[in-house]
Amino acid sequence: MNSHKTKLIVALDTKDADEAERWATQVGPYADIIKIGLEFSYACGLRAVSKLGEGRKIFLDLKLHDIPNTVASAIGSVSIVKPDMLTVHASGGSAMVKAARNALEEHFSPEERPLLLAVTVLTSLDRLAYQETVACGGPRGQVLRLGELAMVSGADGLVCSPQEISLLRSRLGSTPKLIVPGIRPAGAGNGDQKRVMTPAEARDAGADWIVVGRPITRSEDPAAAAEAIAKELEG
Ligand SMILES: O=C(O)c1cc(=O)[nH]c(=O)n1[C@@H]1O[C@H](COP(=O)(O)O)[C@@H](O)[C@H]1O
């Protein structure tokens, strides 16, 4: 088994600020970071994100993907939130990832700069769905290619499915932080996720953080579900 500790990120995907606050309190003892994404940010706005983040660590998952200038300017706009992590799409290219890194350095002090995480290939794409978007090849090769591109362009880490962790580790070593959604506890339904593993499998493969949403937030008892996953990670 891997000796490093894999930490838990809980994705609070909802439009309802009260529900997000309730979930954040319930999973607080078990989650290292809470993730706020497009659904909450568009529905409630960045000031609500800042409010939810008071006294908490926030992963702001906006998956920025645009021309370098727009991404850099957007990072200026989101700097009212003090997130610990921020995502961009690696497929935006090396100039875009570099622009994001420069903008983070411009808008945050070195101590407060969020980790820049580059999304490789979405965990909801299986081989067939992935092939709709590119000429040939499969997600594994693309994850490696985008992972290398993002890391040489200033990313601190990568968002990937659990099924590519060992491939990335064997090629890029331990430097990239690996943030891993597509996590399903044994017996949980996959929903729209395709390239999945259990929390313990992702830990053993070498994930730094796993991201878990619905298996926690849509369970009858979110606190108990988060606790069970946190225990699985420790075991
Ligand atoms: O960037 C992400 O966090 C992300 C990338 C990816 O490839 N797949 C993926 O599921 N995510 C996010 O991780 C979370 C997974 O949620 P559940 O499928 O409910 O566990 C969601 O908030 C997604 O937006």
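**Note on the predicted model**

1. Of the 235 residues in the chain, 44% are buried. Buried means that 20 or more other C-beta atoms lie within 10 Å of a residue's own; exposed means 12 or fewer, partly exposed is in between, and C-beta atoms are placed from the backbone. This is a predicted model, in which local features need pLDDT of at least 70, side-chain atom pairs count only at pLDDT 80 or more, and totals for chains, interfaces and linings use all residues. Residues are numbered from 1 along each chain as its sequence is written.

2. Overall build. The chain has 11 helices and eight strands. These are DSSP runs, numbered from the N terminus: helices are H or I with at least four residues, strands are E with at least two. The C-alpha atoms fill a box of roughly 45 × 40 × 35 Å along the principal axes.

3. Contacts along the chain. Take the contacts between residues at least 6 apart in sequence: 69% of them join residues at least 24 apart. A contact means that two C-beta atoms, placed from the backbone, lie within 7 Å.

4. The core. The largest nonpolar core has 69 residues; Val10, Leu60, Ala100, Ala118, Val180 and Ile210 touch the most other members. Helix H5 (residues 94-107) gives the most to this core, with six residues. Such a core is a set of buried Ala, Val, Leu, Ile, Met, Phe, Trp, Tyr and Cys residues joined through C-beta atoms within 7 Å. Leaving aside neighbours within four places in sequence, Ala118 is in contact with Val88, Ala90, Val97, Ala150, Ala155, Leu158 and Val159. In soluble globular proteins, nonpolar side chains tend to be buried together.

5. The ligand shell. The ligand is surrounded by 20 residues, and the closest are Ala11, Thr123, Pro181, Gly213 and Arg214. Strand E3 (58-64), strand E8 (209-212) and helix H10 (214-217) are the elements that give two or more residues to this shell. By class, the shell has eight nonpolar, seven polar and five charged residues. Here Ala, Val, Leu, Ile, Met, Phe, Trp, Tyr, Cys and Pro count as nonpolar, Asp, Glu, Lys and Arg as charged, and the others, Gly among them, as polar.

6. Annotated positions. The unreviewed UniProt entry places the feature "active site" at Asp61, Lys63 and Asp66. Such annotations may be inferred rather than shown by experiment. Asp61 is in strand E3. It is buried because it has 26 C-beta neighbours inside 10 Å. Beyond four places in sequence, Asp61 touches Lys35, Ile36, Gly37 and Thr87.

7. With 16 other C-beta atoms within 10 Å, Lys63 is partly exposed. Asp66 is in the loop between E3 and helix H4 (68-78). Asp66 is partly exposed, with 15 other C-beta atoms within 10 Å. Leaving aside neighbours within four places in sequence, Asp66 is in contact with Val71 and Gly92.

8. An exposed loop position. Gly45 is in the loop between helix H2 (38-44) and helix H3 (46-52). It has 12 other C-beta atoms within 10 Å, so Gly45 is exposed.

Definitions and conventions
Near = placed C-beta within 6 Å.
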